[in-house]
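Please keep the model open while you read these notes. Each point takes up one topic.

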Amino acid sequence: MGEARGAAARAGGVAAGLVLGAGACYCVYRLTRSRRAGPAAGTEGAASARDGSAPGGGLLPQVSGLSVLSSLAWGGPSNLQSDTDLPKSPSNLDAHHLQKLIHLLEFTDDPLIQEQALVTLSNSAAFSVNQDIIRNLDGLSVIGKMLSNSIPKVKEKALNTLNNLSMNVKNQEEIKVYILQVCKEIELSPLNSDLQLAELRLLTNMSVTNDYHHMMTNAIPCFLHLLSEGNERTQIQVLKVLVNLSANPAMTRHLFSAQAPSLLSLFDNCINKEILLRALMFAANLNENMKNEEGIITQDQYSEDSVFSLLCGHSTQYTKKLVCLLHHHDTDVKEQVAKIITQLRGDTKTRYSGKLQ
């Protein structure tokens, strides 16, 4: 272990300097790119059944949440320098640069260096070629270990790095081992904190496909609690996860049975449009799934405050809210509302024993 730490120390001066230099270069690169190309890739498209999806192949156009090209705004210890020639941007980081960063991250105990290394790896992971390189260097497991770090800022940066790396299908197959841990820690993290948001962003990306939804089932009550207690930023991020889950028919009964007494408060003209649209999308997805559900869904299967009872049961309050939302100023909102009303008065009318008011 002494030899390993000695090797880390010898690599530290180069790698830590690389962290700082790449970060500084990246700021210039990011500014130039933004002027030339406009908004960064990876932004969400709200008008889809699976939140954050957009036309095109691969995961990159589908993921939502943290911008994959986030600028750096940190400094560092003044004594960290490097005599290594630095690339002009993270897209040009070679495998040996990334290997040194991963090695440094694995063996250093300095939280500031850990944080800086993670930010640089996160920015480099915005480029698909680096996503594969980092995985092949066993970087995912090294970064994943940082999720157990006692310092919230380090954990947050590790989550952001995994968030960018999760835009790769093969990476998701390895990152999935952290889903249960992240689900548990969301509940323990300070409400509305950057750490909690980073945790939710990673789950958003990991729920883009149906493959790992079953691993999030036990966290559904927590998601709905955050939807009730969180601020607007938290509500939007939680709804991104819930919309993704609701697009999977296999999750319908789990979502229907969850308690959400304050859910209907989101269906209001005064609610932030980004929240309202996602809440409507969530409801529309569940209605669509119910239409294709085998067997009759009965009201007495669910409690009074369950998602099913509120959205598909005897709730006249929900019906009145939908009617009011037909007069919303936004066209997208009105289209979603019209879709839900059609669903409730059409095919789903014979699918459950609750009455349509």
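1. The largest cavity has a volume of about 40 Å³. A search of the whole structure finds one cavity of 30 Å³ or more. A cavity here is a set of points, on a 1 Å grid over the protein atoms alone, where a 1.4 Å probe fits but cannot get out. Its volume is the space filled by probe spheres set on the points, with points joined across faces, edges and corners. Rolling a probe the size of a water molecule over the atoms shows where empty space is left.

2. Which residues line the largest cavity? They are L224, L227, S228, A260, S262, L263 and L266. Lining residues have an atom within 4 Å of a point. By class, five are nonpolar, two are polar and none is charged. Ala and Leu count as nonpolar, Asp, Glu, Lys and Arg as charged.

3. This is a predicted model: local features need pLDDT of at least 70, side-chain atom pairs count only at pLDDT 80 or more, and totals for chains, interfaces and linings use all residues. Residues are numbered from 1 along each chain as its sequence is written, and side-chain values use heavy atoms, without hydrogens and water.

4. Look at helix α13, residues 273–291. Helices are DSSP runs (H or I, at least four residues), numbered from the N terminus. At 1.5 Å a residue, the 19 residues of α13 should span 27 Å, and the end C-alpha atoms are 27 Å apart, which agrees. The expected span is 1.5 Å times one less than the number of residues. In α13, 15 of the 19 residues are buried, so the helix is largely enclosed by the rest of the structure. Buried means under 20% relative accessible area, exposed over 50%, partly exposed in between (1.4 Å probe, protein chains only).

5. Helix α4 covers residues 128–136. Its buried residues are N130, Q131, I133, I134 and R135. They pack against α2, α3, α5, α6 and α7. D138 follows α4 and has a positive phi, near 65°.

6. T161 lies in helix α6. Is T161 buried or exposed? T161 is buried, because its relative accessible area is 0%. T161 touches L118, L121, S122 and I143, not counting residues up to four places away in sequence. Contact means heavy atoms within 4.5 Å.

7. K339 lies in helix α16, residues 331–345. At 41% relative accessibility, K339 counts as partly exposed. K339 and E288 are 51 residues apart along the chain, and their C-alpha atoms are separated by 10.0 Å.

Notes:
Helices (H or I, at least four residues) and strands (E, at least two) are DSSP runs, numbered from the N terminus. On a 1 Å grid over the protein atoms alone, a cavity is a set of points where a 1.4 Å probe fits but cannot get out, and a pocket is an open set with protein on both sides within 12 Å along at least five of seven lines; lining residues have an atom within 4 Å of a point.
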